[in-house]
Amino acid sequence: MCPCALHGGPPAPCPCSPGRGERPSAAARLVAARLRRLADGLQQRAERRKARGRGPSAARRRLAAVVCLLCALPPAAALAWLIRRRSL
């Protein structure tokens, strides 16, 4: 008797029967191929990233500094405006 609890009949239609365990189905082969392609793509991306180097380039560092400055200026300007307004 089949250990599968999905059916109570003979084990022939069950996916865990001995005849089906030897050959994977077409859907299983398709999923395996997709997973292999995904893994290969991720490995290629990781290798490219590693080959580029670890640290950010000078242009990226400059851009980050400018963005940080632009984010810090409006609150500082608002604070200066409030201080000037209070002193009047």
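Hi everyone, let me start with helix α2, residues 26-52, which supplies four residues, the largest share of the positive patch. Before going on, a word on the model: it is predicted, local features need pLDDT of at least 70, side-chain atom pairs count only at pLDDT 80 or more, and totals for chains, interfaces and linings use all residues. Residues are numbered from 1 along each chain as its sequence is written, and side-chain values use heavy atoms, with hydrogens and water left out.

Now, which residues form the positive surface patch? They are Arg45, Arg48, Arg49, Arg52 and Arg60. A patch takes residues with over 30% relative accessible area and no salt bridge, joining like charges within 9 Å and nonpolar side chains (Val, Leu, Ile, Met, Phe, Trp, Tyr) within 5 Å. A salt bridge here is a side-chain nitrogen of Lys or Arg within 4 Å of a carboxyl oxygen of Asp or Glu. Lys and Arg count as positive, Asp and Glu as negative, with His and the chain ends not counted; each charge is placed at NZ of Lys, CZ of Arg, CG of Asp or CD of Glu.

Arg48 lies in helix α2 and is exposed, at 52% relative accessible area. For us, exposed is over 50%, buried under 20%, and partly exposed in between, with a 1.4 Å probe and protein chains only.

Helix α2 also holds Leu35, another exposed residue at 52%.

Stepping back, the protein has three helices and zero strands, in the order α-α-α. Helices are DSSP runs of H or I, at least four residues, and strands are E runs of at least two, numbered from the N terminus. Of its 88 residues, 5% are buried. The accessible surface is about 8,200 Å², and carbon and sulfur atoms account for 64% of that.

Definitions and conventions
Accessible areas come from the Shrake-Rupley method with a 1.4 Å probe; for residues, only the protein chains shown count as cover.
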